[in-house]
Amino acid sequence: MSAPPPLQIREANAHLAAVHRRAAELEARLDAAERTVRAQAERLARHDQQLRAALDELGHAKDREIAALREQLLTSEATVHSLQAAVRQRDELIGQLHPRARLLQDICRRRPPLAALLAALAEAERLGPLPASDPGHLLPGGSSPPVANSTGEEGDGDPLQPAVFGTTV
């Protein structure tokens, strides 16, 4: 075996140097790609951790809001029950007052005639009793003695005791 010619050796050396450079270049690119991938993985892990923390915080906020809304619901239900009890009590009171209201309406309806009656009684009181007459003197056309204001009650001692008209209301 003979030694290869120097040109072939130079070409082989040049080729080996080019392959070596290409391998070094590829290794450098591989290292850069690995660093990029590692950096991206770290960024993704941090972002994932941030998202998990945000999600946990959202879950806690949701739980707090649900608890507050449940408390508000319980308070509202208690208020509703209290108001319903008050309405029932008022309905019972209205039921108790309804007959009295009808009575007051009846009194109000009868008030004008009652006022007229009271005015007539006041006029009668203003006129006073009839003057007493001679007990032996008969009224024209009759045989009985004259009648003074009488209560109409027998047996109270004096059947001719004058009645007094009063306006007490």
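Asp 106, Arg 109 and Arg 110 are tied together in a network of salt bridges. Within this predicted model, the side chains of Asp 106 and Arg 110 pair up at 3.0 Å, N to O. The two sit about one helical turn from each other because they are four residues apart in helix α1. As for cover, Asp 106 counts as buried, since its relative accessible area is 19% and the cut-off is under 20%.

The whole structure holds seven salt bridges. Another one joins Asp 48 and Arg 52, again with 3.0 Å from N to O, and these residues, four apart in α1, are likewise separated by about one helical turn. Here Asp 48 is partly exposed at 35% relative accessibility, while Arg 52 is exposed at 54%. Glu 57 and Arg 64 make a salt bridge too, their closest N and O atoms lying 3.0 Å apart. Both ends are partly exposed, with 49% for Arg 64 and 42% for Glu 57.

Just past the end of α1, Gly 128 adopts a positive phi of about 80°.

Leu 103, Leu 104 and Ile 107 make up a nonpolar patch of about 300 Å², and Leu 103 belongs to α1.

Definitions and conventions:
Residues are numbered from 1 along each chain as its sequence is written. This is a predicted model: local features need pLDDT of at least 70, side-chain atom pairs count only at pLDDT 80 or more; totals for chains, interfaces and linings use all residues. Side-chain values use heavy atoms; hydrogens and water are left out. Patches are made of residues with over 30% relative accessible area and no salt bridge: like charges are joined within 9 Å, nonpolar side chains (Val, Leu, Ile, Met, Phe, Trp, Tyr) within 5 Å. Accessible areas come from the Shrake-Rupley method with a 1.4 Å probe; for residues, only the protein chains shown count as cover. A salt bridge is a side-chain nitrogen of Lys or Arg within 4 Å of a carboxyl oxygen of Asp or Glu. Buried means under 20% relative accessible area, exposed over 50%, partly exposed in between (1.4 Å probe, protein chains only).
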